[in-house]
Amino acid sequence: MDTHGFKAEGVQWNLAELYTGPDDPRIEADLAEARRQAEAFAQKYRGKLADKQLDGAAFAQALKEYEALAEVEHRPSFYANLFFAGDTQNPKAQQLVQRTREAATETSNLLIFFSLELIALDDEHVAKLIVAPAMADYLHYVEALRRFKPHTLSEKEEQAINQKNLTGRHAFEQLYEELTGSLRFKLQVDGEEKELTDGEIMALLRRPERDLRERALSTFLETHAQHSLVITSVFNNIFLDHKVDCEMRQYDDVVLPTHLSNEIAPQTVEAMMQAVERHYPLAQEYFRIKARLLGLDKLKNTDVYAPIDATEEKLTFTQAQELILSAFGRFSEPFAAIARDFFNKRWIDAEVRTGKRGGAFCAAFTPQHHPYVLCSFNGTGRDVSTIAHELGHGIHYSLSRKQRLVNYDAPLVLAETASVFAEIVLTKHLLAETRSKEAKRALLCELLEEMYGTVFRQTALTRFEMAGHQQRRAGQLTTDDICDLWLQEQRKVFGDGIELIPAYRWGWTYISHFIHSRFYCYSYSFGELLTLALFQRYLDEGDAFVPGYMQLLESGGSQRPEHALAKLGIDINQPEFWDRGFRVIEGFLGDLRETL
Ligand SMILES: [Zn+2]
């Protein structure tokens, strides 16, 4: 086997399985074919569901045709997005993304009638349709769509809202994106005056120099604060828009649309968040240990991600691959076998290249085709964890290829069930293989910081967002109001043990989830805590746990999360269930204390 180096040289994915390149004539042919099929579908079925002219078998047939055309429709834009991610500065890639996006919008507009007709049907008629044997695979799909029935308006109203959103909510989102995307941050780094992007300046929070970390976050936030007039206005309008939307759609509470699309009961989410808040002292305990490791009396919030082991040994990509595969193999051979395919069949793009998109992701579009992973490997331990995480997603997608297209994607709250699990499996393996106390300590800190950022921080973010929406009902918020709400929630998670730097009052200004999707952040806490609880089950039960877990992954999006989990004997409506997840965190904290 080739030995790939410290920057994964040559580890590129093979997209030629999709199209030979951005000029492949099959792209335009597929776009035209998708359009033709969508038109034919509309011609054949428009009004038929509404007029009750389809029986169960004919309805199932229509859904099959719908899936078949979605396959053709998604392929070009899927390719375009991957191609662009690998080469963002290529004008052809940019054009292709735009071209396929516009084509997909047109095609999906032709098809909107179908789900609206399905939602509009009365319950009695739907009950008759779904008893047909051919409908067995579509029950969850139908149920999931129809949950929105009480909150869906007429086709005319929905279209009007969509159109007005272009100059309403979407305009504010766009303004926010363009404004924050245009910001550059001036900072003295290593004796040089630099102008940094957001990614570059935030990376400095992991540098060993304390003063540099604080200056970096202060500059980052204060630069946002210079635009507080615009950002405050964006927040106010997004809050107000959501309030109006909820009133028109008859939601009693602003969080309900999110819970409904996550298929989770409001009291389950509340129980989860309260469990996290009860365990805020665990996060604070970690901060105290971290202060000790850094030799500080009191931690500042800019010290949370400070490195404790500045002399990390780099790994080659081949070493990373071997580590991951043996860690996964220790958990389950089939788990490792799927991951091996990503390496051997070129489903992963890991090399560091200019123009490549930052960050990492795993993407899939249909059960007919395997998923892909993208990351930029620089040889650090964190990079190895990132690959394990994304491969976890890849394994999840691969296992749910047993499902049909409409049941392929796991629900959001189950979306991290394999990725976070894979990361913990890797860390456990590394801890077992490592003899040096310092290396163990670094591994544990990295893992615990990830858990802090996902479980604890995201709950605090959600509480802030809830408070913002709540307060907006009474009237416009001033910038100071928003800063106060932010600090109030942040102080709860940090406790008295941490000093918040003055600029931290602006911490809310850069979190784009608040702008783009309401209450999205709690799904991070939910998903991670759920996975930790599953991991605790694995610790308790050993190999006996594995088959049920694999079945959970195979179920994709074919069931509501609580039903899929009930098969493992898990009841997410029991508040005690969540405590299991914290036992994993307590376990790792204990391991960390032993290295002191
Ligand atoms: Zn993930």
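Glutamine 95 sits in helix H3, residues 91-120. From glutamine 95 to glutamine 188 is a step of 93 residues in sequence and 37 Å in space, C-alpha to C-alpha.

A word on how to read what follows. This is a predicted model, in which local features need pLDDT of at least 70 and side-chain atom pairs count only at pLDDT 80 or more, while totals for chains, interfaces and linings use all residues. Residues are numbered from 1 along each chain as its sequence is written, and side-chain values use heavy atoms, with hydrogens and water left out.

Now step back to the whole chain. It holds 24 helices and seven strands; helices (H or I, at least four residues) and strands (E, at least two) are DSSP runs, numbered from the N terminus. The radius of gyration of the chain is 25 Å, close to the 25 Å that the globule rule gives for 596 residues, so the chain is as compact as a globular protein of that length. That radius is taken over C-alpha atoms, and the rule is 2.2 Å times the number of residues to the power 0.38. Along its principal axes, the C-alpha trace spans about 75 × 60 × 50 Å.

What share of the 596 residues is buried? Buried residues make up 54% of them. The accessible surface of the chain comes to about 26100 Å², and carbon and sulfur atoms account for 50% of that surface; such areas come from the Shrake-Rupley method with a 1.4 Å probe, and for residues only the protein chains shown count as cover. Contacts tell a story too, where contact means heavy atoms within 4.5 Å. Among contacts between residues at least 6 apart in sequence, 78% join residues at least 24 apart.

Next, look inside. In soluble globular proteins, nonpolar side chains tend to be buried together. A nonpolar core is a set of buried Ala, Val, Leu, Ile, Met, Phe, Trp, Tyr and Cys residues joined through side-chain atoms within 4.5 Å. The largest such core in this chain has 141 residues, and those with the most contacts inside it are Phe235, Phe328, Phe456 and Tyr549. Helix H18, residues 437-472, gives the most to this core, with 14 residues. A second, separate core has 26 residues, including Phe41, Leu69, Phe113 and Met135. To see one packed site, find phenylalanine 328: leaving aside neighbours within four places in sequence, it is in contact with Phe335, Ala336, Ala339, Ala388, Leu391, Ile395, Ala422 and Val425.

Some residues bring together parts of the chain that lie apart in sequence. Phenylalanine 577 is found in helix H24, residues 577-594, and counts as buried at 7% relative accessibility. Not counting residues up to four places away in sequence, phenylalanine 577 touches Leu530, Ala533, Ile570, Asp571 and Ile572. Phenylalanine 577 and alanine 271 are 306 residues apart in sequence, and 9.8 Å apart in space, C-alpha to C-alpha.

Glutamate 499 lies in strand E7, residues 498-499, and is partly exposed, with a relative accessible area of 38%. Leaving aside neighbours within four places in sequence, glutamate 499 is in contact with Lys298, Leu299, Lys300 and Asn301.

Tyrosine 305 lies in the loop between strand E3 (299-300) and helix H14 (317-331). Tyrosine 305 is partly exposed, with a relative accessible area of 23%. Beyond residues up to four places away in sequence, tyrosine 305 touches Leu205, Arg206, Lys290, Glu449, Tyr452 and Gly453.

Finally, turn to the backbone. Most residues other than glycine have a negative phi, and most peptide bonds are trans. Lysine 52 has a positive phi of about 60° although it is not a glycine; its place is in the loop between helix H1 (25-45) and helix H2 (56-86). Glutamate 263 also has a positive phi of about 60° without being a glycine, and its place is in the loop between helix H11 (256-262) and helix H12 (266-278).

Technical notes:
Buried means under 20% relative accessible area, exposed over 50%, partly exposed in between (1.4 Å probe, protein chains only).
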